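Here are some friendly notes to read alongside the model. Please keep the structure open and find each place as you go.

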Amino acid sequence: MRDSSPVRRSGPTPVSVPLIPPELDGLRSKPRHGESVAQRAGRAVRRAIASSPVAETTALTQTAHAIQQPVTTGRQISVTSIRGGAGKSTVAALMALTYAHYRADPVLALEADPALGTLPHRLGATAVRWSGTDLAGIVDPSMLITDLTGYLIPFPGGGWLLPGSQGAIGTRLEIDTYRIVMTSLRRYFATTVVDCETLPAEVARTALVTTQARIMVSPATPEGVAATRSVLDWVGGVHPGLLPTTVVVLNHVAPDTGLDVRRAADLLGAGGALVLPLPYDRHLAAGGAIRTELLGERTLRASARIAAEAMNRAVSRGPRRQPTGHGAPTAPSAPTGPSTPASPSTPSNQSTPPNQSTPPNPYGGPPR
């Protein structure tokens, strides 16, 4: 029997470091549901009066098929923003959770924003031991996925997390290290979500042009939209083909930002990027680990649609005429709890397409 425990090639073995010191555990209050009781009751009434089960099931199936579409090589999707506080790591965590829920093949969330990044917190990690820099000195072509997962942190839904650091201030992720990790891990994971540094940092610029699709997170404020528009102009100057494979997420970090979303989408969509909103959610706004069962329904639907559109672009390297595009039915909800994906302990040297012949469960659970 093969020993699948991690084997350190050289150098000292890292020690696990807690993400939050024990004396600070009491700072966090009990997690709240993303929607208030009144909002949930109102939605239930509207659904009972005017809902169309057939339309909802059709929309769910279309979005699930877009997320689950087969890939021949690993697809890597970068998530970045122009400034801190835009919700970049939150969106990256939502995408990782959504892909891990819907897809049957291995999903990786990679943190390429090492300096006090929040991706491990959002995905429920309590301690960090191995980082991307550590793995760059370990990974080699002879390793199986069972060897690699010993260096990773599992998160709900069956996905895997590779932190960028142990939270030390001043930590840097060298560009050569990033390239080694991304190139080496691509054959093991069908989908990789990369939580990048804010632009125009070097790793973020590299991720922008080397990933198959990109998600740019913009605060849903006039100032955030103006700054993001400037970045999109710069991206279009780097390579015009990058904008059609970009999804801009208008992230509402407050209940009412006073933004005209339609006009903002028209402004940010000039050049070919697709603009999608992510509504305000009390559960996300509180920070900490994301529990999908506490997310609001609008947030779940928006996350699924963003994931579907990003995957469409990652597979085709351009926008596709999918039923999840503009004018299509609202995307269905993402998971309401952890699903049971294919076991990542199965040795794999390439991505295995999920079974497309079986329709997903229309009630939010894993595909039957």
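1. Let's begin with a loop. Pro-200 lies in the loop between strand S7 (191-196) and helix H8 (202-210); helices (H or I, at least four residues) and strands (E, at least two) are DSSP runs, numbered from the N terminus. The peptide bond joining Leu-199 and Pro-200 is cis, with omega about 5°.

2. A word on the source. This is a predicted model, in which local features need pLDDT of at least 70 and side-chain atom pairs count only at pLDDT 80 or more, while totals for chains, interfaces and linings use all residues. Residues are numbered from 1 along each chain as its sequence is written, and side-chain values use heavy atoms, with hydrogens and water left out.

3. Now the whole chain. The protein chain has 12 helices and 10 strands. Of its 368 residues, 51% count as buried (under 20% relative accessible area, with exposed meaning over 50% and partly exposed in between; 1.4 Å probe, protein chains only). Take contacts (heavy atoms within 4.5 Å) between residues at least 6 apart in sequence: 83% of them join residues at least 24 apart.

4. Which residues of helix H7 (residues 175-185) are buried? They are Ile-175, Thr-177, Tyr-178, Val-181, Met-182 and Leu-185. These residues are on the same side of H7 because they cover an arc of only 160° around the axis (the arc is that of the directions from the helix axis to the C-beta atoms). Asp-176 and Thr-183, on the other side of H7, are exposed. As background, an α-helix has 3.6 residues a turn, so residues three or four places apart point the same way.

5. Next, look at a helix pair. The axes of H3 (residues 88-102) and H12 (residues 297-316) come within 9 Å and cross at roughly 80°; axes are lines fitted to C-alpha atoms, for helices over the stretch in contact, and angles run from 0 to 180 degrees between N-to-C directions. H3 is therefore roughly perpendicular to H12 (a term for angles of 65 to 115 degrees). Leu-94, Met-95, Thr-98 and Tyr-99 of H3 make the contact, together with H12 residues including Ser-303, Ala-307 and Met-311.

6. Finally, follow Met-311, which sits in helix H12. Is Met-311 buried or exposed? Met-311 is buried, with a relative accessible area of 0%. Not counting residues up to four places away in sequence, Met-311 touches several residues, among them Ala-66, Ile-67, Tyr-99 and Thr-191. Although Ile-67 and Met-311 are 244 residues apart along the chain, 6.0 Å separates their C-alpha atoms.

Methods:
Angles under 35 degrees count as roughly parallel, over 145 as roughly antiparallel, 65 to 115 as roughly perpendicular and the rest as oblique.
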